[in-house]
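Here is a brief report on selected domains, sheets and helix contacts. Please read it alongside the structure shown below.

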Amino acid sequence: MHDLNPTDVNKETDVTVDTRDDAKTTATSTTKAETTTKADAKAASKARRGKLFADLAPLIGLAVLAIAFVLVGTSSGTNMGYAVETLINQSVIIIIIATGAIFIFAMGSFDISLGASTLVAAMVAGLVHNATGSLWLMLGAAILTAVATSLISATLAAVFNLPVFVTTVAMLSVLGAVAAALVQTTGGAQIRIDRAFSREYDTLAVKLIVAAVFLALCVFLFNYTRLGRVEKLVGGNPMTAKLTGVSMKLTAIAAFGIAGLGVGLGAFLTVLRTPTLTVTSASDIGMNILVAMVFGGMVISGGPRSRIYAAIIGGISMALLNQTMSIMLQGMAGGAGIAQMVRAVLFLAVVWLAASGFRTKVLPR
Amino acid sequence: MTNDVVLTVTDMSKSFGVVRALKHVDFELRDGEIHGLIGENGSGKSTMTSIIAGSQPADSGTMLFQGAPWAPATVNESLANGIGMVVQESGTVPGITVAENLFLGETGQFTRFGIVDRRAMNKKASAALEAIGVEDLNPATPAGACDFQTRKLVELARVMMYEPKVVVIDETTTALAQDGRDLLYKAMDTHKTRGAVVFISHDLDEIMSVCDRLTVLRDGDIICTFDKDEFDEGAIRAAMIGRSMEGHYYREDNKATHHDEVWLSATGLNLENKLKDVSIEVRSGEIVGVGGLSHCGMHELGKALFGAAPLESGEVVSRGVKITNERRAVRNAFGYVSKDRDTESLSLTASIRDNIASAGLRLIGKGRAGLITKRAENAYVQTPIDQLEIKAPGAGTIVSTLSGGNKQKVVFGKWIACGTEVLILDCPTRGVDVGVKQAMYRLMTQLKDEGKAIVLISEEMTELMGMSDRLLIMKDGRVVREFERSADLNEMEIIECMI
């Protein structure tokens, strides 16, 4: 051990040597430089192709399903106008709710109660309409109920320091009980609104306007504001996000608030489309949303690769698949079961492919 | 050392996207030697050894191990057949015990009728730990509760337990304090009597004293191999860098300087048993170094100053604002570079752009009603990318594909771009090469000159002495001594305070 002052430290570590052209490098430098340039260009091209394919895969899937839908529809003599209308009816609610839910998934979180929340919001909207006859109050009730249930999940998670997923599991049970209780208030097994009224507003134009406004809002928030970036940062690495000054609680509350707005709008369209609601209505919405997002290329673990358009592409893809399958399996015994199985197989295949791509990207250097 | 070749690598290449990590390299490892690999970050050291140890396949090339073709498909296959590796980053599973980590995937040997005999497993784990000199670690402790050094030693014990012919130690010593390093050196010395060791380190002094031969890599090429009697610091540095490095490594002055305004003031900080009544002040334009042995509380102090530790008592104040959490810290122009870069400072799956922009999103949206456009974001991140010379094909490059030094530059870039005024740096040069280190020191000096307040926490005494205006030495959670920068600073005296 010896005495050492700051100047000595510098002296000991100063790097004053000249560049040494090692003989081994010089001998082969020209050849290697040429080989390297060609190989670099090849590798760059390969990487670009890989990224392009990954980005385009959901769109390619959508195009394939669209072609299959047209071929199957026209060859079976199906009324294509009606089929397209059904397609939009099927996909629009899924797209709206899934787009809102992207904010939750991007954080690497999950809400299992989306379907139940949609049902309860639709029921409350139906009851409000029956009491007031107002379309706007019905819409407001749907949104308020859905946003409130979403915020309760997020706030409980923040207060008790739990993963939000856990509180949504609890919320699933609570909402199931609330739905049953709401049905009982009518004295029957269902909540029904006036069919003439629902037909008046259950139009393509209303659906497309609602969807367009909400999607525009979500695209803006997700891609062009701090909120969207922060959601992806949290999904990519929550600890890093926290140590970058991100409030995890506020971020979760904002994400669930937006998702709640989507659920509210979805519930509003649901009650217009299905004016008779029972405790089993909208039961498959939660699962359909998850499948749609995966079909659309959403990364299940969230993070920086989350894309808002995954909900749109996925929602349309799933509706195309459902329509194509229902045309193909029309009249076949057990057709619905087969369609479900095909959907499950495709879901697994897409997740497997996405996971394979991810594994290769995170291999250690 | 014999001249028998135990492992041969021929014409090996490997690319990650556009990055060519290895370019037709040839390498020989002899029986009975400790063979050092040295080179700048991203030179290909870890890539070559990870291929040898079965972490990933090569794109092309062949390997021979003890005369037979060698191409392990997995790390476990490699370990079972004679080559084990202790990896650079954490290789333990935090949610299970030390013993379970040691016998990961091998607990069947302790299982009877489907029930794991934990007593037998813990006993064998203790024996494996004692074999490398770790005697005070309870194998039933969850790995997540152990510090980084202990986890690295657990990894070493796991590899050594298999008695492999070849052991690869990849930049492990940066995570170890001196006692841990001594254990590692002893284990390597013992091992070379029955096999060979490949040892990767950025510490030139260490690698020169420990190794029998030394191979230098640069930009995916093997530049040259030195025998022990040819070791020459200047020649090795030149081979590593391929260019001359000009100027001083650390600060040139030896006088403490700072402005009068106190920008960070912490009073009476207490945190579990890790911080005991710690008070510290940092002024504008001042670098305050914090040093000590591992477990002295310096890393916890860094987090506490950033509002990221649940203090039992005490307060951190910056220019009249109490710093009670990370959010408030960032809003008051604080920045924190964590010792655990990959898990606490970066989003590895995000791009350079996303990472650098993450701390400055409010700035990017300022004057645009919060609107963050691609153009504004690119303009924001390009300055730190250029200033720090981050080597990457573009701002969209995913951070996980970068070398350690470039990753650390991204972390620095994140805080510099958003105008951080109080910077807390916890081991900022851990695992980075001399070139990047020099760049970091220059940057710190520049930030000091701009009037920023810097807390530099480090396990490297030369770094602390070379950069700090004031140096606080911690022991058992307390600040035990304070040294002012001067020409008379005595390393011996400082170390005596630490131990």
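Axes here are lines fitted to C-alpha atoms, for helices over the stretch in contact, and angles run from 0 to 180 degrees between N-to-C directions. The model is predicted.

**Helix packing in chain A**

Two packed helices are described by the angle between their axes and the distance between the axes. Helix H4 (residues 114-132) of chain A packs on helix H11 (residues 248-273) of chain A at an angle of about 60°. Their axes are 8 Å apart. The angle therefore makes H4(A) oblique to H11(A). The crossing of H4(A) and H11(A) is right-handed. H4(A) contributes Leu114(A), Ser117(A), Thr118(A), Ala121(A), Ala122(A), Ala125(A) and Gly126(A) to the contact. From H11(A) come Val263(A), Gly264(A), Gly266(A), Ala267(A), Phe268(A), Thr270(A) and Val271(A).

**Domains of chain B**

Chain B is divided into domain 1 (5-97 + 145-241) and domain 2 (262-498). The centres of domain 1 of chain B and domain 2 of chain B, taken over C-alpha atoms, are separated by 30 Å.

**Strands of chain B**

An open sheet of 6 strands in chain B has the order S18-S19-S20-S15-S21-S22, with mixed pairing. Strands S18 (334-337) and S22 (478-484) of chain B stand at the edges. Each has a single partner strand, so one side of each is left without a neighbour in the sheet. The twist averages 15° from one strand to the next.

Strands of a sheet pair through backbone hydrogen bonds, either parallel or antiparallel. The table lists two pairings.

| Strand | Partner | Sense | Bridges |
|---|---|---|---|
| S15(B), residues 287-292 | S21(B), residues 470-475 | parallel | 5 bridges |
| S13(B), residues 262-271 | S14(B), residues 275-283 | antiparallel | 6 bridges |

Val288(B) has Arg470(B) in S21(B) as its bridge partner. Val262(B) stands opposite Arg283(B) in S14(B). S13(B) and S14(B) form a hairpin with 3 residues between them. In its turn, Glu272(B) has a positive phi of about 40°.

**Helix H9 of chain B**

Which strands does H9(B) lie across? They are S15, S18, S19 (422-426), S20 (453-457) and S21 of chain B. H9(B) runs at about 150° to S20(B).

Is helix H9 (residues 298-305) of chain B largely enclosed or open? Of its 8 residues, 8 are buried, so H9(B) is largely enclosed by the rest of the structure. The buried residues are Met298(B), His299(B), Glu300(B), Leu301(B), Gly302(B), Lys303(B), Ala304(B) and Leu305(B). Gly307(B) follows H9(B) and has a positive phi, near 80°.

Notes
Residues numbered from 1 in each chain as written. Chains lettered and ligands numbered in written order. Predicted model: local features only at pLDDT ≥ 70, side-chain atom pairs only at ≥ 80, totals over all residues. Domains from an automatic or database assignment. Buried ≥ 20, exposed ≤ 12 C-beta atoms within 10 Å, placed from the backbone. Helix = DSSP H or I, 4+ residues; strand = E, 2+ residues; numbered from the N terminus. Pairing = 2+ DSSP bridges. Contact = placed C-beta atoms within 7 Å. Parallel < 35°, antiparallel > 145°, perpendicular 65-115°, else oblique. Left-handed = near helix turned anticlockwise from the far one by under 90°.
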